[in-house]
Number of protein chains: 2
Amino acid sequence: MDLERNKQTVLAFYEAGLNQKDFETASKLIGDRYVQHNPKIADGIEGFEAFLRQLREDFPALRAEIKRIFADGDFVIAHVHGVRVPGQLGTAIVDIFRLDQNGKIVEHWDVMQPIPEVAENQNGMF
Amino acid sequence: MDLERNKQTVLAFYEAGLNQKDFETASKLIGDRYVQHNPKIADGIEGFEAFLRQLREDFPALRAEIKRIFADGDFVIAHVHGVRVPGQLGTAIVDIFRLDQNGKIVEHWDVMQPIPEVAENQNGMF
């Protein structure tokens, strides 16, 4: 259990995967299986590959900015600002990853919510 | 920094606040301020009180089931299944809380997503 190593792995996974949309590099950080809980993505590493391919086509400028990152046990949790098209308000996201004992990513959950234009407080979603 | 104490505080906060909707008990777990990032809730402990009052009126049977809980530094992160009305599919939620050095809750962020009826994988959102 190496919390800092696991955080660094997940940060590298965001950069290679969501930001660079480079499946080859990102897939090296995935373990023997990749259990997917995002309801719009198919299970397994094949589902992740298809997701990245679709991102490259539909949202080539999509960026994920990691606002804070946490680790506890085998899990890494990231609070992320996702912007599909530059200039949009974007989406508040929390991703949860489980890593195996070799520090490879083997499971993924997420929750996403569009950032509204108006809010009841002035603190922002991050 | 007491990770286990902080987790227990947040679990007690869910039970008193969201499940019992008991502002008096829940408010004892809040520190000098309560910075609110949920865009639908007003800032401060007054905003939280109004939120609980509304919940009692609109969704008296609302339940929050904590699926997993994490702690790192001053933060506690919970992956939660929220069901406003029994029998509904409900909402996937991640709440992030910051606690002060006395173990009181002083800041809250969340992300919420309705659980869809159909999904691209069979793993569920939790």
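**Entry 1: strands of chain A**

I looked up His79(A) and found it opposite Val94(A), a residue of strand 4 of chain A. The model I am reading is a predicted one. I then turned to the pairing of strand 3 of chain A with strand 4 of chain A: the two run antiparallel and are joined by eight bridges.

I next traced the whole sheet of chain A. I noted an open sheet of five strands in the order 1-5-4-3-2, with mixed pairing. I recorded strand 1 and strand 2 of chain A as its edge strands, each pairing on one side only. From one strand to the next, I noted a twist that averages 25°.

**Entry 2: strands and helix of chain B**

I asked in what order the strands of the chain B sheet lie. I read the order as 1-5-4-3-2, in an open sheet of five strands with mixed pairing. At the edges I found strand 1 (30–36) and strand 2 (63–72) of chain B, and each of them pairs on one side only. I noted that neighbouring strands of this sheet are turned by 25° against each other on average, with direction ignored.

I then asked which strands helix 1 of chain B touches. I found that helix 1 (residues 3–19) packs on the sheet and touches strand 1, strand 2, strand 3 (75–83), strand 4 and strand 5 of chain B. I recorded an angle of about 160° between the direction of this helix and that of strand 2 of chain B.

**Entry 3: the contact between the chains**

I moved on to the interface, to which chain A gives 35 residues and chain B gives 35 residues. I noted that the two chains bury about 2800 Å² between them, with 61% of it on carbon and sulfur atoms. I asked which three residues supply more than any other three of the area that chain A buries against chain B. I found them to be Pro39(A), Phe70(A) and Val111(A), with 22% of that area.

**Entry 4: polar and charged pairs**

I recorded 24 residue pairs in polar contact across the interface of chain A and chain B, both residues of each pair being at pLDDT 80 or more.

I counted six salt bridges over all chains, and two between chain A and chain B. I looked up Asp72(A), whose side chain meets that of Lys7(B) in a salt bridge at 3.0 Å, N to O. I also looked up Lys7(A), whose side chain forms a salt bridge with that of Asp72(B), at 3.0 Å, N to O. I asked why this pair joins two chains. I noted that Lys7(A) lies in helix 1 (residues 3–19) of chain A and Asp72(B) in strand 2 of chain B, so the pair joins two chains.

Conventions:
Residues are numbered from 1 along each chain as its sequence is written. Chains are lettered from A and ligands numbered from 1 in the order in which they are written. This is a predicted model: local features need pLDDT of at least 70, side-chain atom pairs count only at pLDDT 80 or more; totals for chains, interfaces and linings use all residues. Side-chain values use heavy atoms; hydrogens and water are left out. Contact means heavy atoms within 4.5 Å. Buried area is the accessible area (1.4 Å probe) that two parts lose on being put together, summed over both. A salt bridge is a side-chain nitrogen of Lys or Arg within 4 Å of a carboxyl oxygen of Asp or Glu. A polar contact is a pair of N or O atoms within 3.5 Å; within protein, one must be able to donate a hydrogen and the other to accept it, and residues adjacent in sequence count only if both atoms are side-chain atoms. Two strands pair if DSSP finds at least two bridges between them. Helices (H or I, at least four residues) and strands (E, at least two) are DSSP runs, numbered from the N terminus. Axes are lines fitted to C-alpha atoms, for helices over the stretch in contact, and angles run from 0 to 180 degrees between N-to-C directions.
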